[in-house]
Amino acid sequence: MNRIRAVQRALASRPKPVYLEIGVSRGQAFQRISADVKLAVDPKFNLTARTRELADAGGRETHYFETTSDAFFEEQADFLVRHPIDVALIDGLHTYEQVVRDVEKTLRYLRDDGVIFLHDCNPPFELAGRRAESWEAHMESQKGKPLAIGIWNGDVWKAIVHLRSTRPDLVVGVFKCDQGLGFVRKGKPESTLPYTVQQVEALTYADLKADRKRLLNLKSPRYVGEFLKESAGSPRN
Ligand SMILES: C[S@@+](CC[C@H](N)C(=O)[O-])C[C@H]1O[C@@H](n2cnc3c(N)ncnc32)[C@H](O)[C@@H]1O
């Protein structure tokens, strides 16, 4: 399982679904995903003509918003009210605060039975989980140092801990695949966390390493079927 398969499975049984992807880059995922309406948000798309052609072929309508996610939600509120979101993939700026904002804002326009996936929630080692303001800033900070591999997840994992601590109205966790695929849907969670926002901010990679399963509500990728079945049980708004 990976982010593309999870998104496709979540979209599969929905009539005329709307798909939102925040952070699209070269369109590795966006070109492979089929939905009635596809929304792409990135301040700097890196799409070839061929990728765009493939991406467009997978939808009745595709819309490209070359802007930050914050500006997108600010400027496209009316558009989003008219296009409630079935499935979203959040994979933009890899900082904790930005990911929390992206989730909270997506939730405003998410159908009651909609689902959100988040990439990069389970950094495999400290360097991958280091905080930076962009991929470029992360690489710059590693200049001259032997880099393990070109993986950067940032502190996205803290967004999972934050949501599990502050939103008892959401089911939140992480599938153990594809660098940690976060999942969010509306509903009563089976477990929550007790942290304040200040405590979440103060968590370190060592804390994550020591207590990954509990902090992230780590699930086997096989749980995806159950997760989607439960979201399908909620009424459509
Ligand atoms: C890891 S890539 C996305 C990969 C893509 N989702 C995929 O699966 O192939 C991250 C992208 O996020 C974009 N990004 C950075 N800051 C952003 C922001 N504030 N809002 C939306 N996207 C942002 C970057 O330009 C970059 O293209």
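A residue is called buried when its relative accessible area is under 20%, exposed when over 50%, and partly exposed in between, with a 1.4 Å probe and protein chains only. The model is predicted, so local features need pLDDT of at least 70 and side-chain atom pairs count only at pLDDT 80 or more, while totals for chains, interfaces and linings use all residues. Residues are numbered from 1 along each chain as its sequence is written, and side-chain values use heavy atoms, with hydrogens and water left out.

**Backbone angles**

Most residues other than glycine have a negative phi. Glutamine 179, although not a glycine, has a positive phi of about 65 degrees. Glutamine 179 is partly exposed, its relative accessible area being 30%, and lies in the loop between β6 and β7 (181-186). Helices (H or I, at least four residues) and strands (E, at least two) are DSSP runs, numbered from the N terminus.

Serine 25 is also not a glycine, and its phi is positive at about 55 degrees. Serine 25 sits in the loop between β1 and β2 (35-41) and is partly exposed, with a relative accessible area of 38%.

**Pocket and cavities**

The search uses a 1 Å grid over the protein atoms alone: a cavity is a set of points where a 1.4 Å probe fits but cannot get out, a pocket is an open set with protein on both sides within 12 Å along at least five of seven lines, and lining residues have an atom within 4 Å of a point. Grid points are joined across faces, edges and corners, and a volume is the space filled by probe spheres set on the points.

The largest pocket has a volume of about 1200 Å³. It is lined by 36 residues, of which Ser25, Asp42, Asp91, Gly92 and Trp135 are the closest to its centre. At least two lining residues come from each of β1 (18-22), α3 (69-75), α5 (96-109) and α6 (135-141). The lining of the largest pocket has ten nonpolar, 14 polar and twelve charged residues; here Ala, Val, Leu, Ile, Met, Phe, Trp, Tyr, Cys and Pro count as nonpolar, Asp, Glu, Lys and Arg as charged, and the others, Gly among them, as polar.

Two cavities of 30 Å³ or more are found in the whole structure. The largest cavity, of about 40 Å³, is lined by Ile90, Asp91, Gly92, Leu93, His94, Val99, Leu118, His119 and Val156. Five of these lining residues are nonpolar, three polar and one charged.

The second largest cavity holds about 30 Å³ of space. Among its lining residues are Leu163, Arg164, Arg167 and Leu170, and α7 and β6 (170-175) each supply at least two residues of the lining. By class, that lining has four nonpolar, two polar and two charged residues.

**A buried arginine**

Arginine 164, one of the residues lining the second largest cavity, is in helix α7 (residues 157-166). Arginine 164 is buried and has no salt bridge; glutamate 190, the nearest side chain of opposite charge, is 6.9 Å away. For such charges, Lys and Arg count as positive and Asp and Glu as negative, while His and the chain ends are not counted. A polar atom of the arginine 164 side chain lies 2.6 Å from the backbone oxygen of arginine 214.

**Salt bridges**

A salt bridge is a side-chain nitrogen of Lys or Arg within 4 Å of a carboxyl oxygen of Asp or Glu. The whole structure has 19 salt bridges.

| Pair | Closest N to O distance |
|---|---|
| Arginine 60 and aspartate 36 | 2.9 Å |
| Glutamate 190 and lysine 219 | 2.6 Å |

Glutamate 190, in the loop between β7 and α8 (197-202), and lysine 219, in strand β8 (residues 218-219), are 29 residues apart. Glutamate 190 is exposed at 60% relative accessible area, whereas lysine 219 is buried at 17%. A further set of salt bridges that share partners joins Arg14, Asp86, Arg111 and Asp113 into one network.

In the glutamate 97 pair, both partners are partly exposed: glutamate 97 has a relative accessible area of 33% and arginine 131 one of 42%.

Technical notes: Polar contact = N/O pair within 3.5 Å; in protein donor to acceptor, adjacent residues only side chain to side chain.
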